[in-house]
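Colleague: Could you walk me through this one before I set anything up?
Modeller: Gladly, here it is.

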Amino acid sequence: MNMDTAAQTLNVQQDLKAEELSELVFGDFERTHKSWSNNPTASYTTTFGEGMIKAVTDREKLYTARRVSDSVFQVFFIGTNVFGVTTEGKRELGDEYSNVPLPLFHRIRHVTIEKNGIMMCDCCSFQGCGLFCVHQVTVAAAIHKASGKEFKGFTHHDVSARYLCGYMHLGYRASTPKKIRDMYHHLACNAIRGPKMRIDIPTSMPIQDRGAILPAIDRLKNYKKQDIDMVAFDAMFSNTYSPDTMSSQDEYSMFNDQMIILNQSTSSICEEIFDTSLNDADIPDEAMKSLRTRDVLKQFIEESCTAADYRGMKGRRALEERLVDFRKWCNENPRDKDIGTDSEGDAEDTTADGIQRKRKSKMVPMTQSKYTSGIDRIHNTAHMG
């Protein structure tokens with residue numbers, strides 16, 4: 001297994017995976033009906049996207065929304081009996097989660113509706129994955145209920161383009177009409193900021209007092225406040241670790257120094273160190289003899305060509321000049337198989353009269369320059385005959 005074979009294998013696997021995903025998207029595009037979801041988005045989104053949307057909308061009944069300003073809502077998790085949490089906000093713990101080691105917290109999310117109807121939530125779910133969150137669904141359902149209407153869910157216009165099966169199947173495809181490609185390109189380049197509320201907030205919806213934003217220790221679900229020793233958790237790394245012996249003190253100092261080095265290092269510095277370590281590799285000469293120069297220097301040559309391309313024609317000419325210099329060096333130096341070399345590195349031949357005469361290497365450069373070697377040649381790319 002060499003570098004070329006590994007790269008070809010990865011490319012084949014990537015192509016197979018792309019074809020598999022393409023077939024799945026084509027299936028969603030051709031068969032839009034999803035019997036397991038009745039959301040308005042079901043006929044337009046991919047199976048993966050609709051699965052995430054359904055998981056969000058099904059949790060709407062676990063939350064409640066409270067209007068605290070003209071266009072700001074607070075969303076509370078009311079849960080079920082699993083956590084022992086009721087709609088009155090009591091915090092008696094259920095037996096199933098009373099001994100869970102990871103802390104569970106009560107949280108209050110704020111959903112703001114802008115003048116154009118765009119809904120923004122401080123959980124930043126839409127900014128992270130391109131789908132609306134359960135808090136936005138809860139607020140939308142509360143507004144529709146106050147208006148005497150049924151909220152059937154957000155539409156496919158309220159999700160990012162990457163979840164639309166039409167975009168995934170037709171976008172940037174050569175066979176797609178240009179007008180449709182341009183439309184999907186515009187949709188992908190101008191992503192929406194959040195789902196849109198398409199009805200006004202009714203004036204009959206009361207504005208209530210804001211829920212207090214409490215410290216984390218006061219929002220614990222599965223631990224009691226008096227059982228938590230904040231002194232033990234505050235600045236744990238610097239205050240609670242005290243080495244007892246000299247050896248552990250040395251280990252602590254080494255760990256601290258390493259942490260400082262890692263924090264101060266940057267990606268460019270790490271890459272330079274890595275490149276230097278590759279160049280410092282000491283391979284035995286006996287092992288090098290059995291290897292081809294092309295295999296040994298392949299990566300270095302590729303990096304040199306990439307660096308030359310990055311610098312344009314100037315870099316290409318600089319690299320070419322250095323290769324020409326190497327060709328000249330080859331003409332001026334004999335091969336390892338040549339018999340006898342003088343102090344200057346030129347091979348020596350002994351003629352019949354016993355006089356030693358220098359001869360040049362037998363390598364003929366295939367360049368555009370004038371042929372100057374004393375060796376009889378057969379043909380040359382620049383000057384035939």
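Colleague: Which residues touch the most other members in the largest nonpolar core?
Modeller: Of its 31 residues, Ile113, Met119, Val139, Ile143 and Met197 touch the most other members; a nonpolar core here is a set of buried Ala, Val, Leu, Ile, Met, Phe, Trp, Tyr and Cys residues joined through side-chain atoms within 4.5 Å, and buried means under 20% relative accessible area, with exposed over 50% and partly exposed in between (1.4 Å probe, protein chains only).
Colleague: Which elements give two or more residues to this core?
Modeller: They are β1 (63-67), β2 (72-77), β3 (108-113), β4 (119-121), α4 and α5, and α4 gives the most, with six residues. Helices (H or I, at least four residues) and strands (E, at least two) are DSSP runs, numbered from the N terminus.
Colleague: And what is Ile113 in contact with?
Modeller: Leaving aside neighbours within four places in sequence, Ile113 is in contact (heavy atoms within 4.5 Å) with Ser71, Phe73, Ile118, Met119, Val139, Ile143, Met197 and Ile201.

Colleague: What kind of model is this, and what are the ground rules?
Modeller: This is a predicted model, in which local features need pLDDT of at least 70 and side-chain atom pairs count only at pLDDT 80 or more, while totals for chains, interfaces and linings use all residues. Residues are numbered from 1 along each chain as its sequence is written, and side-chain values use heavy atoms, with hydrogens and water left out.

Colleague: Changing topic, how do α13 and α14 cross?
Modeller: Their axes come within 6 Å and cross at roughly 140°, where axes are lines fitted to C-alpha atoms, for helices over the stretch in contact, and angles run from 0 to 180 degrees between N-to-C directions. The contact is made by Ser304, Cys305, Ala308, Asp309 and Tyr310 of α13 and by Gly312, Gly315, Arg316 and Leu319 of α14.
Colleague: What comes just after α13?
Modeller: Gly312, which takes a positive phi of about 80°.

Colleague: Is Asn333 buried or exposed?
Modeller: Asn333 counts as buried because its relative accessibility is 19%. The residue is in the loop between α14 (312-332) and β5 (347-350), and its side chain reaches the backbone oxygen of Trp329 at 2.7 Å.
Colleague: And where does Ser160 lie?
Modeller: Ser160 lies in the loop between α4 (134-146) and α5 (165-170), and at 11% relative accessibility Ser160 also counts as buried. Leaving aside neighbours within four places in sequence, Ser160 is in contact with Phe126 and Gly130.

Methods. A polar contact is a pair of N or O atoms within 3.5 Å; within protein, one must be able to donate a hydrogen and the other to accept it, and residues adjacent in sequence count only if both atoms are side-chain atoms.
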